[in-house]
Amino acid sequence: MNDLSKYRNIGIFAHVDAGKTTTTERILKLTGKIHKIGEVHDGAATTDFMEQEQERGITIQSAATTCFWNDHRFNIIDTPGHVDFTIEVYRSLKVLDGGIGVFCGSGGVEPQSETNWRYANDSKVARIIYVNKLDRIGADFYRVVDQVKNVLGAKPLVMVLPIGTESALTGVVDLLTRKAWVWDDSGDPLKYTIEDVPADMADKVEEYREQLIETAVEQDDALMEGYLEGNEPSLEDIKKCIRKGTINLDFFPTYCGSSFKNKGVQLVLDAVIDYLPSPTEVNPQPEVDLEGNETGEFAVVDPTRPVRALAFKIMDDKYGALTFTRIYSGVIKKGSSVLNTFTGKTERVGRIVQMHADSREEIDEAQAGDIVALLGIKNVQTGHTLADPDHPATLEPMVFPDPVISIAVAPKDKGAAEKLGIAIGKMVAEDPSFRVETDEDSGETILKGMGELHLDIKVDILKRTYGVEVDVGKPQVAYRETITQRLEDSYTHKKQSGGSGQFGRIDYIVEPGEPGEGFTFESKVVGGNVPKEFWPAVEKGFKNSVEKGVLAGFPCVDLKVTLMDGAYHSVDSSAVAFETAAKAGYRQSIPKAGPQLLEPIMKIDVFTPEEHIGDAIGDLNRRRGMIKSQEPTATAVRIKADVPLSEMFGYIGDLRSMTSGRGQFSMEFSHYAPCPRNIADEVIAAVAKANEKK
């Protein structure tokens, strides 16, 4: 069995363009996994192996790779930074034990960094911080450290200080050892010398070193007492304290450098070993029953226990479907069987491979702590648990957000229609934030996703990977409906057609629920006028009805229904009768309860040069945006605003033309808000017109 204390399952995550993939390339070079460094801007990065990634210079899907450093094994996942693909970050963090949060030295804590940081907090993942790109104009390590405190509300533990800045960056000072790592100008990461601290930095180094030790010894009362009495702890003891505090998420060891210029990456690798947890040091995954309730049992990381593994990503390639799997306990062997607790079916593991981006190495078995890809497993989706067939259990599943944007696609010819169905089936299995529906009336295929770029990439994959040419309709916004007034109402369903009939009467209240609550149902019937066995039928009738609102057919949300009273007939009443009464009651009452259209509001972060700030704000105002704040950064001004999604189509083109190509932005879904009357009327009229055509 492998020594699990020498395993590190880590992810690299950051805002788009902070240098995650470049950092991964440097790690692979230093660990001997690759011999020639590939650059993102040349489209040659190892982990960016999709055509779309190489062209656009962004990471779209998380890539897994394995490498070794100082006889420790690293399973690394390089995740995307673009907001449309945050789902990749979320599901990667779910199966990792530690992470490296990369921040840009000049951009600082950018919007996507906040989202990823929040996901990492939710998943309780220990992290170290790496401030990258300190060779860039406007880079400022100390400013980024302040932003980590103020914007993320996190506690950075500064471990190194930069020597020089911008183009004069030559290396870093390791505060613990008081040694300077200085690289030459050759660009070779291995050409460095370890020297004494530069004289002009001595005071600053002592100041930050004192803060570092004071924070670290808080983890150990005995060491703290000794330190207060003037005894400095040994280097080993300080490292133990830092490790303990990092794993407890009390603070985050913070490093800096320039991955592109090959300066500072070795110290980050050492920190992964010294401070991030091995698989046995993180809290074990809770097991749940089929209803999602915790059982009190845990999947303890131990190769001798029954198999517990989580499928966190499905990827289709030329060799078939790969199921990326994190094994929490037990051993999975080639040719063995595992139970998918979601479907209740056993699956045979055909082959087990260790991934290095898109190349692979076959192995005979994998054990607790490993991240591997399984081949030959057919009916598994993201978030499913694979368990020992004799000792079944389910791990906590993943929860994915609902899409906010959709487009209609139609195959260009009959031959493409069949290929489209197969291709979309594979794409949905790979990406849980991508949904597909067929419009029953028009027969159109509706693709739903997290943003324009997300759907743009999906259509591109359809064309290139699967060879399916499609006509693409205009993007559509996922509106919702709700009600604004409380209404007491009653409905009687009576049907007599010879023999036993149908009868059910319900007295009920419909009222607005709390925002984000969805649909809730409660029964306050006393005295048996509506027998208890019919309550679920009433709930089902209303619940099925809210899928279609009365204004334009969008789902009705944030609605509460309370069953107050009613009547039944001992012969003619049935569950079907009460369900029908509820459906008719919904159609009767909702139009009288002040129905209202809701639109998705996006949280927008815009970076614009200072001279264009007036144009950018004026443009956001025209788009019905609500400006929340504006902060100057080293190189631009950052504007935060809430803007309706319907007003954001094509925004990147407009922003670039008004800022001479220098502006950039990111957005993510925030909440639903009432649609102004004039906009709502337009949407309702457009839907009615589209329905007439059908």
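Five bridges join strand 9 (residues 179-183) to strand 10, and the two strands run antiparallel. This is one detail of a predicted model. The protein chain has 694 residues, of which 55% count as buried. Its secondary structure comes to 16 helices and 38 strands. Among contacts in the protein chain with a separation of 6 or more, 71% are between residues 24 or more positions apart.

- Trp181 stands opposite Ile194, a residue in strand 10.
- Strands of a sheet pair through backbone hydrogen bonds, and the pairing is either parallel or antiparallel.

**The nonpolar cores**

- The largest nonpolar core has 73 residues. Phe74, Ile100, Met159, Ile242 and Tyr255 are those with the most contacts inside it.
- Helix 9 (residues 265-275) gives the most to this core, with eight residues.
- A second, separate core has 45 residues, including Met427, Ala552, Met648 and Ile679.
- Tyr255 is in contact with Ile129, Tyr130, Val131, Phe141, Met159, Val160, Leu267, Val268, Ala271 and Tyr275, leaving aside its neighbours within four places in sequence.

**His72**

- His72 is found in strand 3, which covers residues 72-78.
- Why does His72 count as buried? Its relative accessibility is 11%, and buried means under 20%.
- The side chain of His72 reaches the backbone oxygen of Asn70 at 2.9 Å.
- Neighbours within four places in sequence left aside, His72 is in contact with Ser5, Lys6, Arg8, Cys67 and Ile273.

**Pro284**

- Pro284 has its place in the loop between helix 9 and strand 12 (285-288).
- With a relative accessible area of 31%, Pro284 is partly exposed, because this class lies between the 20% limit for buried and the 50% limit for exposed.
- Pro284 is in contact with Phe298, Ala299 and Val300, again leaving aside neighbours within four places in sequence.
- Pro284 and Ser329 are 45 residues apart along the chain, and their C-alpha atoms are separated by 9.7 Å.

**Helix 13**

- Helix 13 (residues 575-589) has 15 residues. From its first C-alpha to its last it reaches 21 Å, close to the 21 Å expected at 1.5 Å a residue.
- Which residues of helix 13 are buried? They are Ala577, Phe578, Glu579, Ala581, Ala582, Ala584, Gly585, Tyr586 and Ser589.
- An α-helix has 3.6 residues a turn, so residues three or four places apart point the same way.

How values were computed
Residues are numbered from 1 along each chain as its sequence is written. This is a predicted model: local features need pLDDT of at least 70, side-chain atom pairs count only at pLDDT 80 or more; totals for chains, interfaces and linings use all residues. Side-chain values use heavy atoms; hydrogens and water are left out. A nonpolar core is a set of buried Ala, Val, Leu, Ile, Met, Phe, Trp, Tyr and Cys residues joined through side-chain atoms within 4.5 Å. Buried means under 20% relative accessible area, exposed over 50%, partly exposed in between (1.4 Å probe, protein chains only). Helices (H or I, at least four residues) and strands (E, at least two) are DSSP runs, numbered from the N terminus. Contact means heavy atoms within 4.5 Å. A polar contact is a pair of N or O atoms within 3.5 Å; within protein, one must be able to donate a hydrogen and the other to accept it, and residues adjacent in sequence count only if both atoms are side-chain atoms. The expected span of a helix is 1.5 Å times one less than its number of residues. Two strands pair if DSSP finds at least two bridges between them.
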